[in-house]
Amino acid sequence: MMANTLNGKELLPDQTSLALCNVDKSDHNWMVNTIASLEAAKCPDCGVLSTSRHSSYLRHLRDLPIQGRVVKLRVRVGRWRCGNPAVSGGSSANA
Ligand SMILES: [Zn+2]
């Protein structure tokens with residue numbers, strides 16, 4: 001893969017759940033900014049699907065050296081509120 005043909009979308013492993021926002025390019029590193037675009041997420045405790053996202057945070061997934069550049073993948077992911085009343089205060093699913 002040639003560096004001059006590489007674009008941000010080729011850096012994303014799964015474009016159905018990640019949406020590319022922008023790529024900040026400098027001489028020595030690229031910052032790939034993405035948003036997790038899932039409409040819902042499963043609660044890791046009870047497995048019930050939640051569709052109520054109550055906040056989000058940035059996660060730095062990995063550093064990917066490509067063609068001598070440091071490529072950092074940054075994903076904004078949602079925090080989801082568990083929809084299962086059986087889970088006490090549940091709000092821990094990440095997507
Ligand atoms: Zn739950």
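Trainee: Which residue stands opposite Lys 72 in strand 6?

Mentor: Asp 63 stands opposite Lys 72 in strand 6. Before going further, note that this is a predicted model, in which local features need pLDDT of at least 70, side-chain atom pairs count only at pLDDT 80 or more, and totals for chains, interfaces and linings use all residues. Residues are numbered from 1 along each chain as its sequence is written.

Strands here are DSSP runs of E with at least two residues, and helices are runs of H or I with at least four, both numbered from the N terminus. By that count the chain has 0 helices and 7 strands.

Strand 6 covers residues 69-81. Strand 5 (residues 52-66) pairs with strand 6 in the antiparallel sense, over 13 bridges; two strands pair if DSSP finds at least two bridges between them. The hairpin of strand 5 and strand 6 has 2 residues between the strands, and in this hairpin Gln 67 takes a positive phi near 50°.

Strand 6 also pairs with strand 2 (residues 29-36), here running parallel, through 7 bridges. Asn 29 has Val 70 as its bridge partner in strand 6.

Next, the nonpolar residues. The largest nonpolar core consists of 5 residues, namely Leu 18, Val 32, Leu 73, Val 75 and Val 77. Strand 6 gives the most to this core, with 3 residues. Such a core is a set of buried Ala, Val, Leu, Ile, Met, Phe, Trp, Tyr and Cys residues joined through C-beta atoms within 7 Å. A residue is buried if 20 or more other C-beta atoms lie within 10 Å of its own, exposed if 12 or fewer, and partly exposed in between, with C-beta atoms placed from the backbone. Of the 95 residues of the chain, 13% count as buried.

Asp 45 counts as partly exposed because it has 14 C-beta neighbours inside 10 Å. Its C-alpha is 9.9 Å from that of Asn 84, although Asp 45 and Asn 84 are 39 residues apart in sequence.

Last, confidence. The chain has a mean pLDDT (the predictor's confidence in each residue, from 0 to 100) of 75, and 74% of its residues reach 70 or more. Confidence is highest in strand 1 (residues 18-25), at a mean of 87, and lowest in strand 7 (residues 93-94), at 51.
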